[in-house]
Amino acid sequence: MLSKVLSTALSGLDGQLVDVEVDITRGLPAFSIVGLPDAAINESRDRVRSAIKNSDATFPLHRITVNLAPADLRKEGPSYDLAVAVGILASTGQVILPEEKAIFIGELGLDGSLRHTNGLLPMLSAAQENGIRKVFVPSIDAEEASLLEDVEIYPVRNLRQLINVLNHEDTLHPLATTAIETLLATNDFLTDMAHIKGQEHVKRALEISAAGGHNLRMSGPPGSGKTMLARAFPSILPSLTINEAVEVTKVYSVAGLLPAGQALITQRPFRSPHHTTSGIALVGGGKWPRPGEISLAHRGVLFLDEFPEFSSMALEALRQPLEDGTVSITRVQGSVSFPAKMMLIAAMNPCPCGHWGNPDKQCVCSAVQISRYQKRLSGPLLDRIDLHVEVPYVKYEKLQSLSDGEPSKTIRNRVEAARKRQLDRFAHTDITCNAEMGAKEVKIHCPVDEEGQQLLKIAMQQLQLSTRSYHRILKLSRTIADLEGVESIATSHIAEALQYRMK
C-alpha cells in the first residue's frame, strides 16, 4: 500500500517541501530510502524500526521503499524520521492521516521520543508560504515553533502520542502564537561606556558606527583599551527590530546554536573569533554548507581582535560579504546563500611590538618588520572600512578621575533616534541603515552643497580616494547629520567623516 506525507528540507535559510512517499509490498523484508539522502537519513531506518516497535505499534516485515521527492534535492539530517514513521504506519493502516495537508518534522529516539531539530523556524516558513496550516513538531521545540503565525503548531512528545492523536484516541491542542514584541526586551550588558575612562574620540567614532552600521578599525598600543571598547560596543547598539530578530534566529537555528528553550534571539549578536580561525570557519562552508562567523554576526557585530594576525585567506574572504551583505557558498551538492549584514569592528597594534609612533615608549621593531606587519592588510580590505581611529594610552589623571563617562543608555538613545530617521527614510526598501545604501540611494539621500563639493574635491585629490571611498564618506556624513537630527549634510559633517579615513 502506498501513502504520502509531507516534511521539509533546508537549502541555506530557505525551507522546501518534501514528499515522503512510502510503499510497502510483499517480498523479503527490506527497507530502502531513495531521493539523495545523506548518512543520517539512511541511518533512520534503524531508528524508525525501533521507535515503532517501542511505541506499541507493528513494524511490517515486508519490502519497504521510501522516496523523498523531489529526487534531485539533496536531503540531510534526521528531521525526516517522524514523517517516515507516520508513512509506514499509514501504509499498514495503523494510523489515519489528517484530511487536510499536514507536515511532520522531528528526529526519533529508539524509544519513540522526539528530539530537538535544527533549522525548525525556516522549515516552518515553508509551510506558511505554501498555505499548509497544520504542522507536527517535537514538543522540545515548541517555543521556537510558536513564533510562526497563520500555522497551527502541534507539539508532540513521542510517537505513541502522535498515533493516538491521528486515530482520534487523544486530543492535542495547537500552540498559542507568541507575540514577538513581548520577547524583544532591552538586556543588561556587562560593560558600559561609563566604565571606560577617557577615549572620548574613540567613543564618538563607535557612536557613529552604531548609528549608521559602519565598519570601524581601531589601532593602538597594547593595553590602551581597544578590546574593552569593542566589548562595550553592543551596549550602544539599537534594539533588534522584529524582522531582524527573526532573521538572526533563523541563522542560529540552522547552525544549531539556538539555546534550548529559547524561542528568539533578542540581542544583537557579538561574535569574536580567535585569530587562528580558518577562512571556512569565518565565511561558512563544509560538505553540507553551514553559516560561518560572519553570518552568525548578521545584524550584529563581528569583532576581530589582533586583526593582522588572521590568515590572508580569511581576511580576503571578508571583502565580498562586507560589500554585498551576503555569503554565497558553492559546493558539488549545490549553492546556498547566507545573510552577512554585520558591522566589522577590528582592533590591531601599529607594529609587532605595539609601540610604533608611541611618544612614551620606544619601538623595537625594524622598518622591514613594521612594513611586513602592516602589509598583511590589503588596500581593498581597508578601503571597505569606514572609520579608522587611533587609540592612545589613557593618561593617569583620567584613570584617577572619580567622575564616570557618558553612560551607554544615553548614547544608545541618540543612536536609536538616528536609526529611526533611517528606517523612515528607507521605509519602502530593504535598507535598514545608511551603510547599506547603494550608489543610487547615495545620490538621492546624500546631496551636498557647493562648499561641501569643493571640500570633497580637494580630499579626493590630496588623499587619492577611490570611488568606493567617496561613496563611503558621503554615507558616513549622512549618519553624522542624522545624529545631529538635521536633514541636510553640512560641510562640518563631511570634514568629520574625512577625519576617519585612513591616513
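Buried residues are those with under 20% relative accessible area, exposed residues those with over 50%, and partly exposed residues those in between (1.4 Å probe, protein chains only). The legends below describe a predicted model in which local features need pLDDT of at least 70 and side-chain atom pairs count only at pLDDT 80 or more, while totals for chains, interfaces and linings use all residues. Residues are numbered from 1 along each chain as its sequence is written, and side-chain values use heavy atoms, with hydrogens and water left out.

**Figure 1. Overview of the chain.** The C-alpha trace spans about 85 × 45 × 45 Å along its principal axes. Of the 503 residues, 51% count as buried. The secondary structure comprises 22 helices and 18 strands; helices (H or I, at least four residues) and strands (E, at least two) are DSSP runs, numbered from the N terminus. Among contacts (heavy atoms within 4.5 Å) between residues at least 6 apart in sequence, 74% join residues at least 24 apart. The average pLDDT, the predictor's confidence in each residue from 0 to 100, is 91, and 99% of the residues score at least 70.

**Figure 2. Surroundings of Asn-215.** Asn-215 is located in the loop between helix H8 (200-212) and strand S10 (216-219). With a relative accessible area of 4%, Asn-215 is buried. Leaving aside neighbours within four places in sequence, its contacts include Leu-322, Met-342, Met-343, Leu-344 and Arg-472. Arg-384, Ile-385, Asp-386 and Leu-387 are also among the residues that Asn-215 contacts. The C-alpha atoms of Asn-215 and Leu-377 are separated by 15 Å, although these residues lie 162 residues apart along the chain.

**Figure 3. The five-stranded open sheet.** The strands of this open sheet follow the order S11-S14-S17-S10-S18, with parallel pairing; two strands pair if DSSP finds at least two bridges between them. Strands S11 (270-271) and S18 (387-390) stand at the edges with a single partner strand each, so one side of each has no neighbour in the sheet. S11 and S14 run parallel and are joined by two bridges, and Arg-271 stands opposite Leu-302 in S14. Helix H8 lies across S10, S17 (343-348) and S18, running at about 165 degrees to S18. Axes here are lines fitted to C-alpha atoms, for helices over the stretch in contact, and angles run from 0 to 180 degrees between N-to-C directions.

**Figure 4. Two nonpolar cores.** A nonpolar core is a set of buried Ala, Val, Leu, Ile, Met, Phe, Trp, Tyr and Cys residues joined through side-chain atoms within 4.5 Å. The largest core has 47 residues, and those with the most contacts inside it are Leu-206, Leu-216, Met-218, Phe-233 and Ile-345. Residues touched by Met-218, not counting those up to four places away in sequence, include Val-202, Leu-229, Ile-345, Met-348, Val-389 and Val-391. A second, separate core of 41 residues includes Ala-57, Ala-90, Ala-102 and Leu-166.

**Figure 5. Strand S3 and its partner.** Phe-31 and Ile-33 form the covered face of S3 (residues 30-34), whereas Ala-30, Ser-32 and Val-34 form the uncovered one. In a regular strand the side chains alternate between the two faces of the sheet. Five bridges join S3 to S4 (residues 63-69), and the two strands run parallel. Ala-30 stands opposite Arg-63 in S4. A cis peptide bond, with omega about 5 degrees, joins Ala-69 and Pro-70; Pro-70 belongs to the loop between S4 and helix H3 (81-91).

**Figure 6. Packing of helices H4 and H10.** Eight of the 10 residues of H4 (residues 120-129) are buried, among them Leu-120, Met-123, Leu-124 and Ala-127. H4 and H10 (residues 242-255) pack at an angle of about 115 degrees, with their axes 7 Å apart. The two helices are therefore roughly perpendicular, a class that covers 65 to 115 degrees, with angles under 35 counted as roughly parallel, over 145 as roughly antiparallel and the rest as oblique. Leu-120, Leu-121, Pro-122 and Ser-125 of H4 make the contact with Val-246, Thr-249, Lys-250, Ser-253 and Val-254 of H10. Just after H4, Gly-131 takes a positive phi of about 70 degrees.

Figure 7. Asp-150, in the loop between helix H5 (142-145) and strand S9 (152-156), has a phi near 65 degrees, a positive value in a residue other than glycine. Asp-150 is exposed, with a relative accessible area of 58%. Arg-299, in the loop between helix H12 (293-296) and S14, also has a phi near 65 degrees, but Arg-299 is buried, at 8% relative accessible area.
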